[in-house]
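Thanks for coming. I'll take one structure today and go through its strand pairing, one interface and the confidence values.

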Amino acid sequence: MTALLAIEGLQTFFATPAGEIRAVDGIDLEVAAGECLGVVGESGSGKSMAFLSVMGLVRRPGRVVAGRILLQGEDILGLAPAARRGLRGRVIAMTMQDALTALNPALTVGEQVAETLEAHAADLPTGRAARRRAVRARVVEILGLVGLPDAGRRLGDYPHQFSGGMRQRIMIACALVCRPRILVADEPTTALDVTVQAQILDLIGDMRRELGMAVVLISHDLGVVAERCERVAVFYAGQVVETGAVRDILDRPAHPYTRGLLRSIPRLDDPGRRIEPIPGQLTPADARPGRCRFLSRCALAAPPCRADIALADLGRGHRVRCVRLRP
Amino acid sequence: MSESAGPLAAATAATTPARRHLRELGRDGATMAAVAVVLLFALMALLAPWIAPQDPYRADFLRRLQPPAWIEGGSWAFPLGCDALGRDLLSRIVHGARVSMLIGLLVVVVATSVGVLAGLLAGYLRGWVDVVISRLVDILLGFPYLIFAIGLMAALGPGFLNMLVALVYKEWVLPCRVVRAETLAAREQDFVEAARALGASRRHIMLREILPNILSPVIVVATFRVAYVIIIEASLSFLGLGVQPPTASWGSMIADGRQFLLNAWWVSTFPGLAILALVLAINVASQGLRDVLDPRFAR
Amino acid sequence: MSPIKLLERLIQLGFVLFGISLIVFLMMEATPGDPVEIMLGDSLASAEQKELLRRDMGLDRPLVARYLHFVGNALGGEFGQSFFHRRPVADLILERLPATIELTLVAMVVAVAVAIPLGIIAAVHRGGLLDRLASVGAMLGVSMPGFWFGILLIMLFAVRLHLLPVAGRIGYSHEVPAVTGLLLVDSLIALQPASFLAALGHLVLPAVTLGLAMAAILMRVTRTAMLEVLSQDYMTFAEAKGLSRRRILVRHGLKNALIPTVTVAAIETGSLLGGNMIVETIFAWPGLGRLVVEAIFARNYPVVQACVLFYAVTYVLLNFVADVLYTVLNPKVRL
C-alpha cells in the first residue's frame, strides 16, 4: 500500500546572517489514509516547519533544500506553484495555532470559509446566482458540522464577535470545507481554555471519521497525542528521534528524550510519581550535524554520540535515533 | 533565535551604551555621509564671513545675472554666478546657511525645552494642569502648520525674531505630546515608585528620574523637526514673510530667481539645492539616529 | 464608534473649534495698525467720518464683545467686508474656493494613485531594487522644499520643453459655463473636450508639486502597514487555503493595510491645504491660498482672518473624518 503522504529526507534550512539554521534536517515520515499521526516536540524542534514545508508555506529566508514529498504517490516538490496551490485546502489542509490571528479581522466568517471553496470548487454550478447559492449552502453545512450554532444567520459576523472556541471551529471549517484527504492541525488547542481544548480535539476526531480523512496532530503535549493518535513521531532539533505506534512509545520508549518527555507528564493513574523536567533547553546550536542532536542535554552522552546517528528499526515500525539505549 | 546572537551580544556588552550607539551609527554608511553633510553646512554657517569668496551684499550691475563659471560668460571668482543685482550667489548661499541653521536649531531647541517641560508637567501632575495643556495642544494641532505661521507672521510682521516666535508657538506641541505620553507610561514604573517611596520631591522625580529615561524619543523627534522647521522657514521667506532683504535667506533667494527662469535658471536652482541637501542630510541622519536610539521603529 | 465615543469626540471637536476661533481672533487683534486707517488708505476722511466707521465696524466695543460678535458672524458665514474689494469676505472666499478644491482634490488623487500601489509593491518585494528606489524617492519627497520643486517643474516642462502651461487654471480662449466651479467637471458638462484638456494641462504641474510630499508620506505609511499585514498569521492561513497570490494580497492584505493608509490620507489631505498657499503663489492659481498671501501683503486683515479660520476649521474637520473613517473601516473597533 502506498502512503497518502510520504516525506523522504526533507531538509528545510534558514539562511541568517549568523549562518545557516537547519530547522528541518532529514525527516522521513508516512501518513496512511484515514490515520491519525501525532507529532510531538518542543518549540523550535522543527515540527511545524516540517509541515509548513509540506504545505509549501515556508517563507524566506527559509527554503526546502532537499527531499521528496509524495502526496498520493506524486512528488509535489516538483510541481508548478499553481498546481501546488491547487492541492492546498483541497487535498491537504492546515489549521494554525491561534484562530484569533489566523482569521482575518476585516472579513466576515462567511467570506473566509467560502473563499477556500471558491478557490478550488470545480463542481459548483456555473450561473452566478446558482453558484452563490451553492457556495452558501456548503458553507452553512460545514459550519453546522463543526458545531457553530445558528450558522446560517452568523455568516455576516466578524471573527471578533465569536468566542475563542467558536473561532477555532470556524478556522477548522475553513480548512475542511473542501473535504481534504488530510488535515494538518498545528497545535489546535494551545491557544484555548482548558475546558474548550477537549471539545476541539473531539471535533477534529469526529470530522476525521465523518470525512474519512487523515489527521496530523502537531502538539508539544505528548499526553494529548497519546490519547488521540495511533502513531507518534517525536521531533528534536529538526529530526525525528523516535517514531512508532502509541502503545510502543508509551510502554517502551527507546530515546532518552522520549523518556524525559514521559517523565515530565503528570499522570492521573500514578499521582505519587515525581514530575521530572528535562534539564537545559533546545537551541539552534543543537541542530548541527556530526553528532547526536540531544547530546547537550542527555544524561547518557558518551563518545559514540559524536557522530550522525541513524534511525534504527526496533520492529513493528518502532524506530529510534540513539546508539546508547536499546530496550 | 536570540541564542544565536549570544556571542555578538557578549562582545558588545563590554562597552558602554554610548560607545555602542556610536559604533552602530558608524557601521551605516549613509548615516555617516549625512552627518558629514550636516557638519559641513554647520561649519559653513559658522565661518560664513571668512569663507565666502565675495561680499554677499555687494551689488554690481555689470555682473547682473552672470552665469556660473562653467558657462560662457561666467568667471571662477563667482563660481555659481550672480543674481539680478549682480551679487555672488555662492557667497549668498554660504551666508544663507546661517539663517536656516540658526532658525532650525533655535526654534527646535526652544520649542523642545518648552514642550518637554509642559509634557512632564501634564504627564506627571495630571489633573487640571494636564487638561489645560492637552486642550491647548489639541487646539494648536488644529492649525495646518504653514497657515498658523503665516497668520501669526501677518500679525507680528516679518523679521527674524518674529519668525522665531511664530514657529515656537506651534512647534512645542509635538515634543510636548511625546513627552506627555512617555511620562504617563514612566510614572507607573518601579523606579519612579521607588523614588516616590523614598520621599523624593516632584521636581526631582520629573527632572532626575523620568526625564533621563524618556530622552531618546525626544531627541529623535527633535532632530527630525530641525529639517521640517528649515523648510517652513524657507517657505515663509519665499513668500516674503520671513527674513527681510537684503539678508540672504535661501527661501527669498529662490523667490528672487522666479522672474528669471527663462534666462537665468541658476538664481533659483542653487539655493534650492542647498535646502534639499541640508534637509535631506538631516532627515537621513535622524533616521539613522532613530534606528539606534529608538529601535521600536527600526525596520 | 459607539455613541458615547462619538459624543466625546464631538465635544472635543467643538472645544477645538472654539479654541481656534479664539486664537484667530486674537491673532488679528494683535495686528499692528488701525484697521480704519488701513481701510481708508490715503483718502482724506475727516476724524468724524473715521469715528463713524469705527463704530460701524464695532471697533469701539470691548474685546469680549468683539469676539462674540466675530464668532456669531462667522457661524452665519459673515466675515465682514474686505478692506479693498469692498465686497463681503465670504463672497471672495466662495469665489476662490472651487479653484482650491479642484487643485487639492487632483493633488490628492495623484498622490494616492502613486503612493498606494508603490507602497504595496515596495512591501511585497521588501529589500528589492524597487523597494530601495521607493525609499530613496520617499526620502527625497519629504526633504524637497515644495516651492522649489514647483519652480524646477516650471523650468523643465514649461520654460524648456514647452509641454505644459506655466500659470493659471485654463487659457483665456476657453469659456466654460460655471456649474460646480470645478473646471474639469464643468467642461465635461458643457461637452467641451478642448477646455477639459486645457484645464487638465494647467493642473498637472501644480497638482504634482502639491501632491509630492503627501505621496512620499503615504507611500511610507502604506509600505509599513503592508509589511505589518504580510507578517500576520491570516496571510499564511489564506495561503494554506490555496488562494491565489493576487487574491491573498488584494482581499486579505489590502483591506487591512488600507485602514491606517486611508486615515493618514485624510489627515494629509488636510495638510495639503497648508501647502496650497505656496503652490498657488508659484503657479498663479486663482484660489484661496493666493488670496491669503495677497491679503497679507495688502494688510487686508478681514480676509486673512477669515481664510486662516476657514483653513483651520477644514483641517480639523478632515481630521475628524479620518478618525471616523478609521473606526468605520476597522470592524474590530466598530461595535
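Two strands count as paired if DSSP finds at least two bridges between them; helices (H or I, at least four residues) and strands (E, at least two) are DSSP runs, numbered from the N terminus. This is a predicted model, where local features need pLDDT of at least 70, side-chain atom pairs count only at pLDDT 80 or more, and totals for chains, interfaces and linings use all residues. Residues are numbered from 1 along each chain as its sequence is written, with chains lettered from A and ligands numbered from 1 in the order in which they are written.

Chain A, then. Strand 1 (residues 5-16) and strand 4 (residues 62-71) of chain A run antiparallel, joined by 8 bridges. A:Gln11 has A:Ala66 in strand 4 as its bridge partner. Strand 4 of chain A is also joined, by 2 bridges and again antiparallel, to strand 5 (residues 74-75) of chain A. These two strands form a hairpin with 2 residues between them, and A:Gln72 in the turn has a positive phi of about 55°.

Next, chains C and B. Contact here puts C-beta atoms, placed from the backbone, within 7 Å. By that count, 41 residues of chain C touch 35 residues of chain B. Helix 1 of chain C gives the largest share of chain C's side, 9 residues.

On confidence, pLDDT is the predictor's own per-residue value, from 0 to 100. Chain C has a mean of 83. Its lowest mean is 66, in helix 2 (residues 35-40) of chain C. Where pLDDT is low, the predicted coordinates should not be read in detail. For the complex, the predictor gives an ipTM of 0.90.

Notes
Two residues are in contact if their C-beta atoms, placed from the backbone, lie within 7 Å.
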